[in-house]
Amino acid sequence: MKRIIAVLLALLMLAALAGCSAAPAEEAKATAVPAAEATGDVSATETNEEKSYKIGIIQLTEHVALDNACKGFIDALAEKGYVEGENLTIDFQNAQNDQSNLSTIGDRFVSEKVDLVLAIATSAAQTMAGKTTEIPILATAVTDYEVAKLVDSNEVPGGNVSGTTDMNPIKEQIGLLVQLAPEAKTVGCIYNGGEDNSVLQAGIAKAEIEALGLAYEEITVTSTNDVQQAMQTLVGKCDAIYIPTDNTLASSMPIVFSVATEAKIPVICGESGMVESGGLATLGINYYNLGRQTAEMALRILTEGADISTMPIESLKEFDYSFNQEFAEAIGLTIPEELQQYVG
């Protein structure tokens, strides 16, 4: 009996020793640094979920230029790995050119506490800037941020607004007009006098036109309802027409086409979307590329922590020719040989 008890005691002592030796091994396993981490390969051991962002997009109205800017923005984000429905939520709102809608959309984005707002067109940017000083606001399709009172300066914005400008090469556009209509003596200009961007561009165009020794005529509108009558008045006073990147006129280009082609008057526009919708030609902004450039700014803010108050307003460095062959044929104009490569 004593022998059995002794054997049992020996077995119990061995078990206790085994338990004590196992504890340090488990502790070492728990505190060991993973091999990948020790070698600096953090990506191999990354366990944190990728951050998801919510972006509010407020667009003044629907027309080709603004739509292209929006598409370029979203496409560029996706190419960088930020895809709607995966790690990105986009709340797109079109104000249908209505100020009360802009205000309602702005309030919505503030209440939802979106991570960033893309404001497409000056009025959209001005509305959002009046709603928040905290949420970063990137704008596009804005010609001059200082004139629109969105920033302290285009070089150092100073607040929560920055973005990309759609300022056109107006001097070159007037040069294109003269190239296509060399016998023109008077150039007309039509735009919405309530759009700051348009007023600025019209002033520059007037100076360039008069510097060439040509006469300048202008007429302003307040809405799309005014465009047909204004165009009919203008074609009776000029030999060619220049239209800046104006949202009201961009939405009315089929009317412009109808009146201008009947009167055999060439129309040079501020951007290619307006040409596609009813103008003759332009050397201007590619709004899709402008949207893409704005997306690059957004990524610097969201993923790198860039300070929007110090981000200068950016502009495109290259411009595109665009021609409307249907318009040219309607007024009996032949595109010069040196520009034929851009017709298509």
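Good morning. The model is predicted: local features need pLDDT of at least 70, side-chain atom pairs count only at pLDDT 80 or more, and totals for chains, interfaces and linings use all residues. Residues are numbered from 1 along each chain as its sequence is written, and side-chain values use heavy atoms, with hydrogens and water left out.

I begin with the spaces. On a 1 Å grid over the protein atoms alone, a cavity is a set of points where a 1.4 Å probe fits but cannot get out, while a pocket is an open set with protein on both sides within 12 Å along at least five of seven lines; a lining residue has an atom within 4 Å of a point. Grid points are joined across faces, edges and corners, and a volume is the space filled by probe spheres set on the points.

The largest pocket holds about 190 Å³ of space. Its lining has 14 residues, and N97, S123, N192, E195 and T248 are the closest to its centre. Two nonpolar, ten polar and two charged residues make up this lining. Here Ala, Val, Leu, Ile, Met, Phe, Trp, Tyr, Cys and Pro count as nonpolar, Asp, Glu, Lys and Arg as charged, and the others, Gly among them, as polar.

How many cavities of 30 Å³ or more does a search of the whole structure find? There are two. The largest cavity has about 80 Å³ of space. Of its 13 lining residues, H63, D166, T245, N247 and Y287 lie nearest the centre.

The second largest cavity, of about 30 Å³, is lined by Y53, I55, L77, Y82, L88, L299, L302 and T303. Seven of these residues are nonpolar, one is polar and none is charged. Helix 12 contributes the most to this lining, with three residues; helices (H or I, at least four residues) are DSSP runs, numbered from the N terminus.

I turn now to the helix pair. Helix 6 (residues 170-180) and helix 7 (residues 196-211) pack at about 55°, with axes 9 Å apart. Axes are lines fitted to C-alpha atoms over the stretch in contact, and angles run from 0 to 180 degrees between N-to-C directions. Helix 6 is therefore oblique to helix 7, a term for angles that are not under 35 degrees (roughly parallel), over 145 (roughly antiparallel) or 65 to 115 (roughly perpendicular). In contact (heavy atoms within 4.5 Å), I170, K171 and I174 of helix 6 meet Q201, I204, A205, E208 and I209 of helix 7.

Technical notes:
Helix = DSSP H or I, 4+ residues; strand = E, 2+ residues; numbered from the N terminus.
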